[in-house]
Amino acid sequence: MKPYLLIFIFLSGCAFYPKRTSHYQSEEPKEGKAAVYIYRMPTSADSLNPDVPRFFINEKKLGRLLTGGHYLEIVEPGEIEVSYRNGLFGIAFPWKANAINFTAKPGQKYFIKFSLQNIVIVRTEFHLVPYDQGETEIT
């Protein structure tokens with residue numbers, strides 16, 4: 001296989017994700033909408049995941065999230081599923097590795113913490129955390 005093809009495959013997995021940020025600024029959801037923040041703590045245990053996780057909200061791809069980063073997604077009220085998928089060479093597998101479901105209400109902010117729970121056997125978890133905890137941990 002030619003090295004150019006490998007480079008293209010690797011870079012194409014990185015190129016199509018929306019911008020993530022590590023600088024938190026509180027944003028009020030627009031009228032009739034809800035705000036969902038997905039974040040990872042900047043811990044050494046969380047950085048042991050060899051592949052950067054890929055996140056989805058209701059099957060919409062948000063992107064990959066490094067430790068210490070977060071995404072903000074403004075959503076319609078109702079049932080929300082935040083999911084994580086493993087991948088290889090920048091391409092997400094079609095099956096979900098983990099997910100969390102909740103009901104979003106208009107005008108509310110939700111903080112979803114993603115973390116690595118076990119260093120020996122990699123196990124990831126989502127936690128819907130209280131507003132105060134989320135705002136403190138994300139900054």
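Me: What should I know about the model and its numbering before reading any values?
Reply: This is a predicted model in which local features need pLDDT of at least 70 and side-chain atom pairs count only at pLDDT 80 or more, while totals for chains, interfaces and linings use all residues. Residues are numbered from 1 along each chain as its sequence is written, and side-chain values use heavy atoms, with hydrogens and water left out.

Me: Why is Tyr37 called buried?
Reply: Buried means under 20% relative accessible area, exposed means over 50% and partly exposed lies in between, with a 1.4 Å probe and protein chains only. Tyr37 has 0% relative accessibility, so Tyr37 counts as buried, and Phe111, also at 0%, is buried too.

Me: What makes Tyr37 and Phe111 a stacked pair?
Reply: Rings of Phe, Tyr and Trp (for Trp, the six-membered ring) pair if their centres lie within 6.5 Å, and planes under 30 degrees apart count as stacked, over 60 as edge-to-face and the rest as tilted. For Tyr37 and Phe111 the centres are 4.8 Å apart and the planes 5° apart, so the pair is stacked under that rule. Tyr37 belongs to strand S1 and Phe111 to strand S9, 74 residues apart, where strands (E, at least two residues) and helices (H or I, at least four) are DSSP runs numbered from the N terminus.

Me: Why is the pair of Phe102 and Tyr110 called tilted instead?
Reply: The ring centres of Phe102 and Tyr110 are 5.1 Å apart, but the planes stand at 40°, so the pair is tilted. Phe102 is buried at 7% and Tyr110 is buried at 12%. The count by this rule comes to eight aromatic pairs, and ring pairs link Phe55, Tyr84, Phe114 and Phe126 into a cluster.

Me: What makes a set of residues a nonpolar core, and which residues have the most contacts inside the largest one?
Reply: A nonpolar core is a set of buried Ala, Val, Leu, Ile, Met, Phe, Trp, Tyr and Cys residues joined through side-chain atoms within 4.5 Å. The largest has 19 residues, and Ile38 and Val82 have the most contacts inside it. Strands S1, S2, S4, S5, S8 and S9 each supply at least two residues of this core. Apart from it lies another core of seven residues, among them Ala35, Met41, Val129 and Ile138.

Me: How do you know that Glu28 and Lys109 form a salt bridge?
Reply: A salt bridge is a side-chain nitrogen of Lys or Arg within 4 Å of a carboxyl oxygen of Asp or Glu. The closest N and O atoms of Glu28 and Lys109 are 3.2 Å apart, so the pair meets that cut-off. Glu28 lies in the loop between helix H1 and S1 and Lys109 in strand S9, so the pair ties together parts that are 81 residues apart in sequence. Glu28 is exposed at 57%, whereas Lys109 counts as buried at 10%.

Me: What makes Glu76 and Lys33 a salt bridge as well?
Reply: Their side chains meet at 2.2 Å, N to O. Glu76 lies in the loop between S4 and S5 and Lys33 in the loop between H1 and S1, so the pair ties together parts 43 residues apart in sequence. Glu76 is partly exposed at 48%, and Lys33 counts as partly exposed at 25%. A search of the whole structure finds five salt bridges.
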